[in-house]
2 protein chains.
Amino acid sequence: MHKFTRNLLTEWRKLKLPFENENIIVAVSGGADSVSLLLALCELREAKKLKLNFIAAHFNHNLRGAESERDAEFVEDLAKKLEIEFFGGIQNPQFKIQSRKDNLEQAARIARYGFLLNTAERFKAYGVLTAHTINDQAETFLLNLIRGSGAAGLGAMKTIRKLNENSEILLIRPLLSWAKRIETENFAREKNIEFRTDSMNEDEKFSRVRVRKTLLPLLAKFNPKIVETLAKTAALLQNDAERQAADSGQQTGNLILKDLKVLSKTALYKTLRRWLEYNRDNLRRVDLKHIEAIERLIFSRKSGRKVELPGGETVIKKEGKLFFEDIKVEKSRLGN
Amino acid sequence: MHKFTRNLLTEWRKLKLPFENENIIVAVSGGADSVSLLLALCELREAKKLKLNFIAAHFNHNLRGAESERDAEFVEDLAKKLEIEFFGGIQNPQFKIQSRKDNLEQAARIARYGFLLNTAERFKAYGVLTAHTINDQAETFLLNLIRGSGAAGLGAMKTIRKLNENSEILLIRPLLSWAKRIETENFAREKNIEFRTDSMNEDEKFSRVRVRKTLLPLLAKFNPKIVETLAKTAALLQNDAERQAADSGQQTGNLILKDLKVLSKTALYKTLRRWLEYNRDNLRRVDLKHIEAIERLIFSRKSGRKVELPGGETVIKKEGKLFFEDIKVEKSRLGN
């Protein structure tokens with residue numbers, strides 16, 4: 001197995017993503033990043049490491065005429081070759097005329113994510129994978145910094161989050177925390193698979209392109225590892241923001257599994273402790289092994305399981321949620 | 001009064017700095033920033049807005065031969081002209097040979113702050129003023145970002161902090177949050193006062209000079225207000241870090257006034273609430289007006305005053321600290 005593929009598997013485990021029985025949408029533009037992600041997933045499927053059903057989804061933004069069409073055909077052909085289901089979408093051609101030049105990127109992004117959400121819902125998918133790399137993260141960090149951002153904006157992209165507020169479907173970026181763009185390009189070349197180059201990625205009218213082509217090279221003169229440094233800074237700030245949210249929020253009611261799954265370990269443990277404290281009035285005799293057992297419950301693929309707590313209470317997983325049950329209370333209710 | 005001077009007075013009030021009966025050290029290199037700070041302080045003294053005794057302190061780093069000597073003479077002459085006491089220090093000439101090139105800046109900084117601390121102690125000063133501007137803050141932010149920093153480092157310089165951990169003397173940067181370098185230069189020119197230009201400020205072997213001369217101009221092409229934007233980001237992150245510290249720390253014992261004075265309003269209020277909660281077991285009937293009364297107690301120049309709390313407890317200011325006294329407890333002790 002290629003090192004790139006092994007790294008992806010390591011990240012897959014770290015993110016506690018499922019290994020079987022799920023539909024997973026892979027957003028594929030046809031560029032080196034998304035082509036390499038798709039190739040590595042196929043390697044993992046062939047090696048029986050992942051028994052998942054991948055669907056390659058491509059959204060044709062229809063902004064570059066024949067070039068856009070060739071991208072769509074390229075992705076469809078690649079999917080066929082890799083024996084992966086293909087699902088395509090196309091932007092209304094009026095879109096370009098309606099969107100002003102200055103918000104074209106933003107409008108295109110909204111349309112693309114709308115398509116991905118619809119596709120994921122149609123396939124009842126566990127989540128959508130995008131192939132953002134550590135370079136994309138550094139660029140996003142710098143763009144947010146230049147625009148003016150507090151810690152929340154500087155945290156840049158999250159490795160895993162809900163696709164939107166009202167959806168249970170996850171948006172997962174399994175390359176974001178480790179893969180450099182040069183690695184995706186090399187991986188595709190070593191596998192002898194072509195990829196497309198988007199002419200917009202060279203167009204300096206876009207701030208992101210200027211960040212990539214002028215700002216990052218200048219910063220690299222100060223620190224050759226600037227991309228990794230900025231991505232790490234983003235992760236640290238994201239962590240701070242999460243910890244602060246966990247510090248200030250009190251957890252009541254039932255906990256939704258998908259919400260818990262996107263938290264860092266620190267934030268998850270804090271959230272669980274707060275929730276138990278609220279339901280039990282205290283944390284007496286609750287220790288790390290109980291928290292870890294609940295963590296396993298959250299990420300295990302089986303449903304209907306439970307964790308018993310000292311004092312006779314139970315945490316039960318059902319219907320995508322964690323429920324807190326106090327047997328003593330239930331018994332006394334039965335007695336009435 | 002010049003606008004620059006009025007802005008300084010506004011900041012002075014905002015930082016709740018004293019208006020009379022104190023010695024204040026002003027670090028003056030001879031550059032536009034520190035010369036303008038000194039000039040504005042003199043204007044405020046002449047206008048009887050500040051009845052403070054300022055001492056101009058200059059440290060000769062002895063790194064640029066005759067140029068260094070002329071800087072020292074320039075500051076001494078300026079102080080004489082402005083009728084301000086002058087206090088000079090000089091670096092041992094062996095220093096340059098002992099310090100390796102790559103840590104020369106850092107070593108010079110340590111020596112300079114050591115001199116400022118000694119000077120402040122000698123004059124029993126309230127604090128030391130440095131003339132760092134919003135431009136210095138943006139440069140520090142970028143240097144820390146390039147090196148790799150979490151929120152703490154990205155917070156960059158604080159407007160007010162203790163000069164060192166063991167000292168009661170404050171380091172105060174009254175230009176940091178508002179003055180741009182161009183404003184200090186213009187102010188000095190309008191007052192017809194010369195200033196010195198440090199040749200090291202042009203030497204691109206220093207990262208800070210390269211940040212100023214290449215990185216910031218490139219960033220300004222993306223956002224013309226980049227200096228203000230970065231300084232604001234630093235302030236936001238500093239605030240986050242302070243809030244987090246206030247969230248996680250429990251305040252017990254007596255509170256030291258100098259520690260409280262360097263906190264932002266949010267962090268101060270949180271710290272006071274925690275402290276009262278610890279001492280009273282709860283915050284019942286304590287509301288904003290009590291917290292504000294304690295705030296006034298902290299910043300008032302009179303000593304020996306107190307604030308009464310509902311329930312009969314008192315917060316007393318003495319010997320540079322806040323004490324919590326519960327009269328009921330005292331009475332019951334007397335009864336034993």
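Predicted model: local features only at pLDDT ≥ 70, side-chain atom pairs only at ≥ 80, totals over all residues.
Biologist: Through which surface do the copies meet?

Modeller: Compare the interface residues of the two chains. In this model, 100% of the interface residues of chain A are also interface residues in chain B, so the copies meet through the same surface.

Biologist: Now the salt bridges, please. How many are there over all chains?

Modeller: The rule looks for a side-chain nitrogen of Lys or Arg within 4 Å of a carboxyl oxygen of Asp or Glu. Over all chains, the count comes to 32 salt bridges.

Biologist: Could you show me one in chain A? Which parts of the chain does the pair Arg181(A) and Glu139(A) link?

Modeller: Gladly. These two side chains form a salt bridge at 3.1 Å, N to O. Arg181(A) belongs to helix H8 (residues 181–190) and Glu139(A) to helix H6 (residues 134–147), so look for partners 42 residues apart that link distant parts of chain A. Arg181(A) and Glu139(A) are both buried.

Biologist: And in chain B, what does Arg181(B) pair with?

Modeller: Arg181(B) forms a salt bridge with Asp136(B), and their closest N and O atoms are 2.8 Å apart. Again distant parts of the chain are linked: Arg181(B) is in helix H8 and Asp136(B) in helix H6, 45 residues apart. Both residues are buried.

Biologist: Which residues are joined into one network by salt bridges that share partners?

Modeller: For this, follow each residue to its partners. In chain A, Asp33(A), Asp136(A), Glu139(A), Arg181(A), Arg208(A) and Arg212(A) are joined in this way.

Biologist: One last pair: are Glu43(B) and Lys191(B) buried or partly exposed?

Modeller: Take each residue separately. Glu43(B) has 14% relative accessibility and counts as buried, while Lys191(B), at 32%, counts as partly exposed. Their side chains meet in a salt bridge of 2.7 Å, N to O. Glu43(B) sits in helix H2 (residues 32–46) and Lys191(B) in the loop between helix H8 and helix H9 of chain B, so this pair ties together parts 148 residues apart in sequence.

Methods
Residues numbered from 1 in each chain as written. Chains lettered and ligands numbered in written order. Heavy atoms only, no water. Contact = heavy atoms within 4.5 Å. Helix = DSSP H or I, 4+ residues; strand = E, 2+ residues; numbered from the N terminus. Buried < 20%, exposed > 50% of the residue type's maximum accessible area, 1.4 Å probe, protein only.
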